[in-house]
Amino acid sequence: MAALMILGALECGAGGRLRRVVLAALAGALVAAAAATPADAKLRLSAHSATPETGGLFGRVPVRLDIRADGSPHDVLVRSPGSLMAVGPGLQAQSAIGGRTAVACHGSWARPHLSSSPLAFTAVLHLEPGQSTWLQAVVDRWAPWPGDPAEAAWTVRDGAQTIVVRDPAPFSLPRGVHLVLRGPTGPVAAGDLVRVSGTADPLPRGALVSVDVHPPGGRALRVYTARVGARHRFAVAFRARARGRYELVARYRRHTSEFADDTSVCGNVFDVG
């Protein structure tokens, strides 16, 4: 349509047959060029992951995104969790974002759980027609708890179009164990029986967890074993012989490849008077 409007305007000023023939040829060339760039230009995207490098709770997962342009040029912005390690042709710019992993606990024990990678990056790419490129990254994270994101996702913005490419493989196994402890809520006197309960989601009935009891004054650590029952619950009891501040930590040590070692995020602290 734009080519025909240009042709009409130029014909009014030309007034000659030869010039009309030349302009008609130019109009045909413009229309052909417009037809060569389809309105629904698309990218071909595919995500891959390698075997997680992990022996327990914390894992490093290599991931890769392959991109291929169609017959049109593309300016692409890619966002992903993790650290960008290598990239193919067409990179224009990149940036990285770091997250906080600290957790505020009342006792001396603190182990933050990362529900997603603490790092993310953005890459800007320019692809010529038919060009292919790729990005390789490493995603660091804890073994996922129930409710944590179960997949890695690349977000690709191509003009006004946003595409999410998901790769569920990296975070499938092993799974983490969300351990929550509930200690005494009222006053405890020396010699009292202290009852401790907790949950170990998603461990099945019969699995074993332990409760580490850190007595006051640097006394020897005591470890009590509990068996998981219905609804992932467990319980232990012990006598608090010494006065002072106690700290409890729940712990799971893996027995199968399905679950990773895991511990409480914070210790459960209480005083014995």
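Reader: Okay, which cysteines form a disulfide here?
Author: Cysteine 105 and cysteine 266 do, with their sulfur atoms 1.8 Å apart. The rule for a disulfide is a pair of cysteine sulfur atoms within 2.5 Å, and by that rule the count comes to 1. Keep in mind that this is a predicted model, where local features need pLDDT of at least 70, side-chain atom pairs count only at pLDDT 80 or more, and totals for chains, interfaces and linings use all residues. Residues are numbered from 1 along each chain as its sequence is written, and side-chain values use heavy atoms, leaving out hydrogens and water.

Reader: What does that link tie together?
Author: Cysteine 105 sits in the loop between S6 and S7, and cysteine 266 in the loop between S17 (262-263) and S18 (268-272), so the pair ties together parts 161 residues apart in sequence. Strands here are DSSP runs of E, at least two residues, and helices are runs of H or I, at least four, numbered from the N terminus.

Reader: Which hand does the link have?
Author: Left-handed, with -65° about the S-S bond.

Reader: New topic: how many helices and strands are there?
Author: The protein has 2 helices and 18 strands.

Reader: And what does S7 pair with?
Author: Strand S4 (residues 74-81) pairs with S7 (residues 119-127) in the antiparallel sense over 8 bridges; pairing takes at least two bridges found by DSSP. There, histidine 74 stands opposite leucine 127. Strand S6 (residues 91-98) also runs antiparallel to S7, joined by 7 bridges, and isoleucine 97 stands opposite alanine 120.
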